[in-house]
Amino acid sequence: MFAIENATFKTSLASPAQLEQLRLTEPELPQFAFIGRSNVGKSSFINSVTATKNLCRSGSTPGLTRTVNLFVINRKIHFADLPGYGYAKMSIPERKKLEQIIFWYLGDSGTTFKQIFLLVDSKIGPQPSDLEVLNFLNQKGLPTTIIATKIDRLRSSERSHAIKKITQAIPHHNIIPYSSENGEGRSKVLEILGQSLH
Ligand SMILES: Nc1nc2c(ncn2[C@@H]2O[C@H](COP(=O)(O)OP(=O)(O)OP(=O)(O)O)[C@@H](O)[C@H]2O)c(=O)[nH]1
Ligand SMILES: [Mg+2]
């Protein structure tokens, strides 16, 4: 299993030019990206997986992450925390700009990904925007794992229904129930990281 020994913030990218600049000085490392609706728990997930409290800014204000934030793990892989999509209270031009960054980064930035983690709120279930992103990832042939976030918020009686709903909307994908509060699912995620690197 993959063990995380070291996690540090590298940089924030807001444009293709900034990525070009980074490539001049940094080697490309195997990369994993984390994507999902605003407030789904991406930043908390990265903090939990890396067992680092404040690596990523997370909080109750949706739309916190507005750039592609890159982290270096064990000095040999990159994690990319992407902005969340679908935040209703954001102005339409702002939302469009974030969507552009997300689709550019995943599809046209020239970055190769070992694995994409698509985060879906286990209580809310997959939304049309999630399915749109999944469709895009599938079309690009990007290997994708689904994370059912905030699983600690569900009663045990609600769990199987919630997971079933996600499985029905997103068949043929690995779905991992996850809690950043209590670490449920973390060992499975570490296993996937390790497998993806081989
Ligand atoms: N109970 C519980 N709450 C969580 C969990 N993960 C995240 N949260 C809460 O959900 C809220 C949003 O979490 P973030 O990690 O900031 O979400 P994000 O997807 O990075 O949000 P944006 O950057 O706005 O796209 C915060 O208040 C977190 O404390 C979880 O596993 N369990
Ligand atoms: Mg975030």
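**Helix H4 and its setting in the predicted model**

In helix H4, the buried residues are Asp 130, Val 133, Leu 134 and Leu 137. Viewed down the axis of H4, these buried residues fall within an arc of 100°, so they line one face of the helix. The arc is that of the directions from the helix axis to the C-beta atoms. A residue is termed buried if 20 or more other C-beta atoms lie within 10 Å of its own, exposed if 12 or fewer, and partly exposed in between, with C-beta atoms placed from the backbone. The model is predicted; local features need pLDDT of at least 70, side-chain atom pairs count only at pLDDT 80 or more, and totals for chains, interfaces and linings use all residues. Residues are numbered from 1 along each chain as its sequence is written, while chains are lettered from A and ligands numbered from 1 in the order in which they are written.

H4 comprises 12 residues (128-139) and reaches 16 Å from its first C-alpha to its last, close to the 16 Å expected at 1.5 Å a residue. The expected span is 1.5 Å times one less than the number of residues of the helix. Pro 128, Asn 135 and Gln 139 are exposed, on the face of H4 turned away from its buried side. The cover over the buried residues of H4 includes strand E2 (31-36), helix H3 (92-108), strand E5 (113-121) and strand E6 (144-149). Gly 141, which follows H4, has a positive phi near 70°.

Val 189, Ile 192 and Leu 193 are the buried residues of H6. Seen down the axis of H6, they fall within an arc of 100° and therefore line one face of the helix. An α-helix has 3.6 residues a turn, so residues three or four places apart point the same way. The face of H6 turned away from its buried side carries the exposed residues Ser 187, Gly 194 and Gln 195. E2, H2, E5, E6 and strand E7 (175-177) are included in what covers the buried residues of H6.

The protein as a whole has six helices and seven strands. Helices (H or I, at least four residues) and strands (E, at least two) are DSSP runs, numbered from the N terminus. For 198 residues, a compact globule would have a radius of gyration near 16 Å, and the protein, at 16 Å, agrees. This radius is taken over C-alpha atoms, and the globule rule is 2.2 Å times the number of residues to the power 0.38. Of the 198 residues, 38% count as buried.

Pro 16 lies in helix H1 (residues 16-25) and is partly exposed, with 14 other C-beta atoms within 10 Å. Leaving aside neighbours within four places in sequence, Pro 16 is in contact with Trp 104 and Ser 109; contact requires that the C-beta atoms of two residues, placed from the backbone, lie within 7 Å.

Around ligand 1 there are 23 residues, of which Gly 41, Ser 44, Ser 58, Thr 65 and Gly 84 come nearest. A residue is near a molecule if its C-beta atom, placed from the backbone, lies within 6 Å of it. Helix H2 (residues 42-49) gives the most to this shell, with three residues.
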